[in-house]
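My entries follow in the order I made them.

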Amino acid sequence: MNKKTKLLFLMLCFITTVLTAQNSITGTVKDSDGSPLIGAAVVEVGSDRGSITDVDGNFRLDANQIPTTLSISYLGFKTQELAVSAAGSLSIVLEEISSKLDEIVVVGTRGKERTILTSPVPIDNINAADLISSGQTTVDQMINYKVPSYNSTNQTISDATAHFDPSELRNMGPSRTLVLVNGKRKNQSALVYVNDTPGKGEVGTDMKSIPSSAIERIEVLRDGASAQYGSDAIAGVINIVLKNREEGVVTAGAGITTEGDGLMYEASVNKGFKIGENGNLNLTADFYHQDETNRAGEPGGDGLFGVIFQPNPDDVTNGTMTQEEFDAAQAFANSVLNGTHPWLVENPDMGMTVGQPAYDKFSIFGNLGMPYGDNKGEFYLFGGYTFRDGKSFALYRAPYWITDDFGLLTPSGETYDGFQPTFETSINDLTFTVGNRYNFSGWNTDISVGYGSNSVDYLIGNTINVALGANSPTEFDAGAYAFGNLVGNIDVSKAFDDISLNFGVEARQENFKVTAGQEESYIDGGAQSFPGLQPSNELDENRTNVGAYLGADWDATETFLVGAALRFENYSDFGSNFSWKVNARQLFGDNKGAIRASVSTGFRAPSLHQIYLSNIQTLVSGGTVSNQGTFNNVSPEIKALGVPALDAETSFNISAGVTYKVTDDFSISADYYNIKLEDRVLFTGEIGFDGDATTDNPVEVILKDIEVTSLKFFVNAMDTRTQGFDLVADYQNIAIGNGDLGFTLAMNTNTTEILGQINAPTVFSDAGYDIFNRKEQSRVTTARPNFKLLLGANVGFGNFKATLNNTYFGEVTWQHASNEAMDQTFGGRIVTDLILGYDVSESFNIGIKANNLLNVYPDVIDTKGDFVTDLGGRFKYPWEVNQFGFNGTTISGKLSFKF
């Protein structure tokens, strides 16, 4: 380069620098309290130029021209447009949104961000303050007491299910709610819920694995969204957004039930750090502990074994038992039945522990964002790890049930008194995503890779393998389940004048692994309470799928929006699916109200767990060894019975609603939904011998060939229709003296009906088997409340705040397997929570709360002569259907310090 060229180059650089400086706009964005807003978007209207504020709320933007107009937006605050007539520094204060309808949400659209009001589908936005005001301690229960169409309850005496607590939207089962973290798919849990609880036979997401202290807000999309997000999003989508704030918070709390059990204590720390000039790292460490509770029944006798032990009079007739032996056996059985047996006199609750499990939970989470290239790009990384160590209890082995422990569990010198096995779990959950966003001339790109895994290891404690006698261990490694997925995404979007376009691809690999337990846990009948997983159950299976989607939103006018989405998925094991969605929204009343509607198809791929899970449990019953097995969908035995390979469930969704912002402080919305689900995957009941010893039907031939007494399997066999109505009303900032008052009302009514007959494979229907009896059907239709109403009131006077929440849980019905006269409906109940808080200073807060203030319990079980209903009196409250648990009142306190 000669001197003349160099001089020209330097002059051009100088002129460019001057011109750029002339159009350079800097400033700070804060809230009304003067705190900087991190990550606020500052965009030049009419161009593709923009910036994002750093951890101090500062930004710099090189405008296309001056004068110009800037648009400044931040979640939870009103978007502000500001005319700029000259370069320089600005001080911008954003006003916090008082109306829920004005809050910006990202779930429900792949393109342009919209407020709840302008969204064409119903969305709930639960911020960190709302989570606290729920009065609950875990994320699943926080949502349960904030969103009426969401249900989750503590389970008991249900093996590993007691450590996960199935949860779901719209009572459609845990499998049909998709969970995202920062907009990215989270892995499912490793567990199939195989016990007699809501959600039996399904797989969900471990909602206990994310600490509330790490969460900025939770967005709940109450609409089918498979065409946008893929499999599982039939009932809706829950998007958990992690904190990215710099402010630090330390909390510590403790509580206990008024019965003196269920001790809980917790501690957490959350802190953000400035990384470089514009980057931010937010870290969370969280610990939570809870003790078990016990609300076992005290029936005055054992209605289970009192019946089982009754001798058969025919044994006297045929000479296998003398009359004296019969009388003695009957007297013994009656003493167990009526409670006069010496052990039952001393232990009227039969030694049971029926309630919430005990567990310790440790979590570490992080959320990193690193803007670059004048804030056109951002490198991000987020995720966390949670370890949960839990203990629940099985049925107590009374000394008249298991007559000897060979001195292994009874302390030396003491009389054998039976034992209660424990079911202990070690649960590991990991979620991790790394990605990069960049704006290429208005085209927003997002490339990411995420990995998630969940595993549960079983330890059966305080028990024996009776067949091994004095050589038996007293605790057993009973095996493990593990599930993991690797997800890659490429998402692209661009907003034109009136059209927002989005498209992308997703590739996912899934793995399901089953590990056998130690040999002593399963041989010769296995460990009492839970025979371990056997080598024949071991597997390590994978599958892959690739999906592509295309979506567009068109603002046809300033008030009318119409959108559409298409998605194609291809799975390596069952094939492909094509789903679509169309929605529209019309604003009215000076843009204060909106009418919205959507029509879509959806699908859910059968989980790897449902396809491959198998488990043969060897049990000693009636003096003989019997094998009861779950056989997977690809086994030769199940194929020989004509059971087809599992296929995808499909749905047809319709929703319509209206929302209106009466004032900035008062808003209301109402939505109707109707979801038809076809080819629902069922987990059958036990299918055994039909009692006719003269001939063997084809099922019995298989049972004899594989040497089992009964079998269960998964099959696409049912169509259902779920429909309901959601109502949400929010009225805040009502002046009351020197304070303010607010009310929130949310309601959901929901019904699920089975359409037509259960589509049993021909060989079973021909043999007269009922593969999904009345009791199993009730888990689909009536196990969750069909009506739920939340009414909350909050009041603030200076540094004092109080919240009173009343939650009405509607009735649930348990159906007997074959006798309608033994059905029981458990009536609705109102649960009241009181939360009090006082700001000692700007940094220090004290909180006290009473959960279930009025000590409300469900109806007690009425057995109506069926000892299986309450397992002979061991259960006082319903356990196969559940509304809100049965812990009673819990009193707790919490301290928090901001820094």
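**Burial and overall build**

I began with burial: of the 899 residues in the chain, 54% are buried, where buried means under 20% relative accessible area, exposed over 50% and partly exposed in between (1.4 Å probe, protein chains only). This is a predicted model, in which local features need pLDDT of at least 70 and side-chain atom pairs count only at pLDDT 80 or more, while totals for chains, interfaces and linings use all residues. Residues are numbered from 1 along each chain as its sequence is written, and side-chain values use heavy atoms, with hydrogens and water left out.

I counted 13 helices and 44 strands in the chain; these are DSSP runs numbered from the N terminus, helices being H or I of at least four residues and strands E of at least two. The radius of gyration is 30 Å, close to the 29 Å from the globule rule for 899 residues, so the chain is as compact as a globular protein of that length. That radius is taken over C-alpha atoms, and the rule is 2.2 Å times the number of residues to the power 0.38. The C-alpha trace spans about 120 × 60 × 55 Å along its principal axes.

**Confidence**

I noted a mean pLDDT of 88 for the chain, with 93% of residues at 70 or more; pLDDT is the predictor's confidence in each residue, from 0 to 100. Confidence is lowest in helix 1 (residues 3-22), at a mean of 51, and highest in strand 17 (residues 249-257), at 96. Residues 14-21 have pLDDT below 50, and this stretch has two contacts in the model beyond near neighbours in sequence. A contact means heavy atoms within 4.5 Å. Where pLDDT is low, the predicted coordinates should not be read in detail.

**Arg185**

I found Arg185 in strand 14 (residues 184-185). Arg185 counts as buried because its relative accessibility is 13%. Leaving aside residues up to four places away in sequence, Arg185 touches several residues, including Asp232, Glu506 and Arg508.

Most residues other than glycine have a negative phi, and most peptide bonds are trans. I logged the bond from Ile66 to Pro67 as cis, with omega near 10 degrees. Pro67 sits in the loop between strand 4 (58-62) and strand 5 (68-73).

Which phi does Asn171 have, positive or negative? Asn171 has a positive phi of about 55 degrees and is not a glycine. Asn171 lies in the loop between strand 12 (167-169) and strand 13 (177-181), and is buried at a relative accessible area of 8%.
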